[in-house]
Amino acid sequence: MAFSEIAFKALQDIVGDENATTDPVLCQSYSRVQWTADGCVQRGQLGVQMRPNCIVLPRSTEEIQAIIKLANRYDFIFIPRGSGMINSAFTNPTQVMMGKGVVIIDPKHMDKILEVDKNNMYMVIEPYVNFAACQAEAMKVGCMVAVPPAGAQVSALANIQWHGAYGNSWISGLGGHQLLSFEVVLPNGEILRSGSIAQSGAEEDWVWGDGPGPDLRGFFRGAQFGHAGGMGFVTKISMRMFPWPGPTVFPTQGNAVEKESYFPTDKLRWYMIDFPENIQEYPKYEEEQLRWACDFQYEIAKAELAIVVQHNAKQFMWCWAARSKEEFHKGANEDFFPHGYNIVGCCAITSLEQLEYEEKVLKHIVDKMGGTFLSEDSPDPLDRERYKSWMRITNDWIRVGHSMRLSRPSDCFHQGTACVDSIDSVTDEILRANRQQRRELKEEEKGTHLLPISFHGGWISPTEKGYGALMTTDLWPEQEPEKAAEAIQLLLGSLKGMMMDKSAGLSVVLLGPAYDLLGPQIFNVHLLVKEMKKQFDPKNISNPPYATTPDVVPPEQLAEMTKVL
């Protein structure tokens with residue numbers, strides 16, 4: 001059923017003529033996809049069919065509710081949108097196959113921070129508030145928020161609902177750990193309020209995520225992936241803040257790509273730590289390096305140190321440290337970072353004495369394990385340069401996130417594998433995935449179009465002071481759809497291999513068609529999620545096929561949906 005003129009007029013009645021459009025030029029501007037491999041494939045598959053039929057810009061929860069009720073009445077698809085970074089915010093092949101009109105709900109007008117509670121350390125935000133605004137307001141009151149590698153420019157609400165990996169996940173955890181109370185307009189038009197706001201009253205308080213009543217955060221929050229707009233439109237959330245000793249603004253110098261940021265050393269200190277000398281050769285000692293990093297992170301956890309703890313693979317290091325494509329490729333060719341490095345940030349949360357103590361303990365751990373600190377006084381002049389180049393951008397882990405720099409090598413990027421588990425388990429998965437994909441490259445010539453910096457190391461981002469961890473590896477295809485598809489095929493093969501011997505907790509990596517493809521390997525979790533979709537979205541109009549389709553997808557339809565694989 002095509003999008004009707006009467007449906008458009010009804011939308012204009014809700015939001016005003018100036019906040020609804022079917023202009024093909026304006027709608028075409030909402031068909032851009034990001035530079036990841038799946039975005040390139042989606043663009044190649046659909047072309048101008050990615051253009052939605054209509055764009056609406058509501059100003060309130062009530063207007064969104066009215067829009068969604070109209071979607072049920074006139075049977076059109078609606079796509080909830082944050083800042084529009086990920087390709088689930090755009091028309092997709094399933095929606096084209098369904099033949100219904102597609103309306104994108106853009107919350108640009110809903111950009112307010114509604115409350116900042118410094119005592120209970122949370123803030124209440126609308127969908128178009130980005131992490132930069134959250135961080136700026138939090139720092140004014142002696143707090144900080146988590147900032148994702150996706151960048152400080154993205155919607156904080158959408159990120160917490162979607163994925164939620166952070167530069168300071170060591171203290172913040174993942175997206176699911178940030179979410180407290182929330183308000184959502186369900187696909188049937190009903191408003192659901194969860195957490196401490198479920199019971200309304202004169203003293204409405206967004207401080208807590210539990211009860212009364214059923215706790216639905218598990219389906220409305222990100223761990224790896226949330227519902228991606230498939231369960232309605234989340235209109236407000238409360239998110240956690242964390243202690244911050246100051247300064248109240250980020251000190252910066254320079255402009256554009258030359259901008260640098262350094263904190264006073266009585267507030268925050270960064271450390272770049274190398275492996276013991278006898279295992280520094282890479283990739284010969286890849287496993288030994290990753291095992292060392294794993295043990296190192298556990299030692300820091302036991303001592304309860306730091307606000308940032310990371311292991312960054314060699315390709316990560318130079319993607320982020322380089323200030324241009326030219327600088328990246330020069331450094332990559334010269335092997336400027338010969339292997340991965342361990343990055344730690346310690347902060348004077350309570351006092352300078354606490355910071356001094358943490359530094360003393362950290363030095364003891366590194367010395368005990370045979371590692372070394374890079375510094376401006378390192379004996380090797382190259383180590384001095386490596387340290388200086390990295391210190392230029394370390395603050396970005398809590399300032400801007402900066403993973404957009406991953407697009408620099410080829411203008412495209414994709415994960416080689418990803419999972420959430422314990423630190424030692426994600427280390428195992430990095431090693432397993434790298435071995436599998438290197439073998440496929442050598443024996444089956446899969447990945448021959450990828451840049452040679454692919455298939456190296458891995459990002460280990462431990463969470464909640466070592467209680468868990470997130471990991472990824474990296475693939476760099478070109479933007480051509482067939483080359484981008486090659487990276488997706490490698491990822492899917494890696495996920496299948498991972499799920500052969502892992503727990504049901506890995507269902508967090510499932511989304512869309514992946515539920516039907518891989519759900520049967522994880523105790524048929526896809527059937528559970530499909531029942532939820534049926535109950536909340538009986539007409540299947542909330543950004544299908546997310547989080548999954550209401551019904552089991554027939555083999556021929558699944559083949560069409562996943563033909564790129």
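Mentor: Phe-455 has a relative accessibility of 6% and therefore counts as buried, a word used here for anything under 20% relative accessible area, with exposed meaning over 50% and partly exposed lying in between, for a 1.4 Å probe and protein chains only. This is a predicted model, in which local features need pLDDT of at least 70 and side-chain atom pairs count only at pLDDT 80 or more, while totals for chains, interfaces and linings use all residues. Residues are numbered from 1 along each chain as its sequence is written, and side-chain values use heavy atoms, with hydrogens and water left out.

The phi of Phe-455 is near 65 degrees, a positive value in a residue that is not glycine, and the residue sits in the loop between helix H16 (423-443) and strand E19 (459-463); helices (H or I, at least four residues) and strands (E, at least two) are DSSP runs numbered from the N terminus. Most residues other than glycine have a negative phi, and most peptide bonds are trans.

Asn-543 likewise has a positive phi, near 45 degrees, and with a relative accessible area of 0% it is buried. Asn-543 belongs to the loop between H19 and H20, and Ala-547 is placed in the loop between H19 and helix H20 (555-561) as well. The peptide bond from Tyr-546 to Ala-547 is cis, with omega near -15 degrees. Another cis peptide bond, with omega near 5 degrees, runs from Gly-246 to Pro-247, and Pro-247 lies in the loop between strand E11 (242-243) and strand E12 (252-253).

Turning to the helix itself, H19 (residues 525-536) has twelve residues and spans 17 Å from its first C-alpha to its last, close to the expected 16 Å, where the expectation is 1.5 Å times one less than the number of residues. Its buried residues are Val-525, His-526, Val-529, Lys-530 and Lys-533. Viewed down the axis of H19, these buried residues fall within an arc of 135 degrees, so they line one face of the helix, the arc being that of the directions from the helix axis to the C-beta atoms. An α-helix has 3.6 residues a turn, so residues three or four places apart point the same way. The buried residues of H19 pack against helix H18 (513-518), contact meaning heavy atoms within 4.5 Å, whereas on the other side of H19 Leu-528 and Gln-535 are exposed.
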